[in-house]
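The model is predicted.

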Amino acid sequence: MKIRNETAALSGETALSGETAKSEKAAVNEGRRTMLKAGLGAGVMAASAGFPWLALAQGEELIPFLDVPEGYDPGPRRPGMTHIIDTRQIDNFYSDDFYVVQHYGQPELDVSNYRLTITGLVDRPLSFTLDELMALPDQSLDVGFECGGNGNRMYHGLVGNARWRGINLKALLERAGVQENGREVVFFGGDIGQEEIRGREVDKAFARSLSLEDAMREDNMLAFEMNGEPLAVHHGRPLRLLVPGFYGVANVKWLTQIHVQDTRYMGRFMGRDYVTLKKTMVGDQERWVENSVARMNLKSVIARVTRLGNSHRISGFALNDGTPLRSIEVRVDDGPWQQAQIDPQASTYSWKPFHFDWQGATPGEHTVVSRVTDINGNTQAVTADLPERVSYWEEFGQFPRRIMIGA
């Protein structure tokens, strides 16, 4: 059966043929990109009574954090390197500057010869060109996420938020027909590096896996577009996995193969790296346990404090696994927790920008901190109350910031 016919079966509609399908799809895509580009500014402005929620007003100035070295600048993005954003400079709901982590460099796959294969414990192994994938029914979703290693040492700058467009993963797996004994779905990237394992040098592709249950979540997608544009090479061109609510490591870039198997996948980035070691209670016993970095923890961060005339504003963002939030609060020094306002454009899996208008700020040094609470009553804890950890993975405790208010 040809892929074009599989497309029709997947969508429940008759697939367009030849150049007609291609031209109509191109027209729809161009229109969507144009609308999204306009919405990246206009949508935020509409949500914020005519002013972008995260942009500085005329005359509004940053108050330096005392916990950030003078002259701190993460620098520009460089191919094959980790890129940290300066969260003090965020000015758009959709990230113009999105963090980058690359483990085996930055491959540039030949898009004209690209293929995605679905193999393993499936009834119908499948293979798609990029054009064939892009002809399938698509979906769009706002998703923000952070690196599993994002934390205080880089001022929580391994983060970003974007509008993604792609193909529904569940629909593809259902089309392939996962067999009854299929338990784990492995996603292999086109970035390959040499690893020494048990004294032997081997070529290993970056890979991560999901349980079948997690892989079949409705919102998972294979994304080919970000903020109205085709994926940039550093974000995984031409195709990447997107698992909303999970840390960035789960969102495999340069995706080339999806493999269904009946055993747990134990590659470097599941079993040896991106593994959190922590002391916690297991039943009535205190034990050291390890877990692969997966779902994002409940977290908020104050990104900046600004002054406009005699007024001060504390701004930041929250992230979590998609569980609805009850509140985001801000505390100044030893004062009471006070409710912050959440950007009305925030959605289930996007980041949740917030701000708090600080009245009566007095000259001198102050400490400001935020906390977020979800609808289940889970509240972001202070770091001292979290399980003891050995590693920097999954750093989600409250993050106090120190500032100096001038006279």
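An open sheet is formed by 4 strands in the order S17-S16-S20-S22, with antiparallel pairing. At its edges lie strand S17 (338-339) and strand S22 (401-405), each of which pairs on one side only. The points below take up the strand pairs of this predicted model, then glutamine 106 in the loop between strand S1 and strand S2.

**Strands S16 and S17**
- Strand S16 covers residues 325-332 and pairs with S17 in the antiparallel sense over 2 bridges.
- Glutamate 329 has glutamine 339 in S17 as its bridge partner.
- The two strands S16 and S17 form a hairpin, with 5 residues between them.
- In the turn of this hairpin, aspartate 333 has a positive phi of about 55°.

**Strands S16 and S20**
- Strand S20 (residues 364-374) pairs with S16 over 7 bridges, in the antiparallel sense.
- Serine 370 in S20 is the residue that valine 330 stands opposite.
- In a regular strand, side chains alternate between the two faces of the sheet.

**Glutamine 106**
- Glutamine 106 is placed in the loop that runs between strand S1 (61-62) and strand S2 (115-120).
- A polar contact of 2.9 Å links the side chain of glutamine 106 to the side chain of glutamine 102.
- With neighbours within four places in sequence left aside, the residues in contact with glutamine 106 are Pro79, Gly80, Val233, His234 and Trp254.

Note on methods
Residues numbered from 1 in each chain as written. Predicted model: local features only at pLDDT ≥ 70, side-chain atom pairs only at ≥ 80, totals over all residues. Heavy atoms only, no water. Pairing = 2+ DSSP bridges. Polar contact = N/O pair within 3.5 Å; in protein donor to acceptor, adjacent residues only side chain to side chain. Contact = heavy atoms within 4.5 Å.
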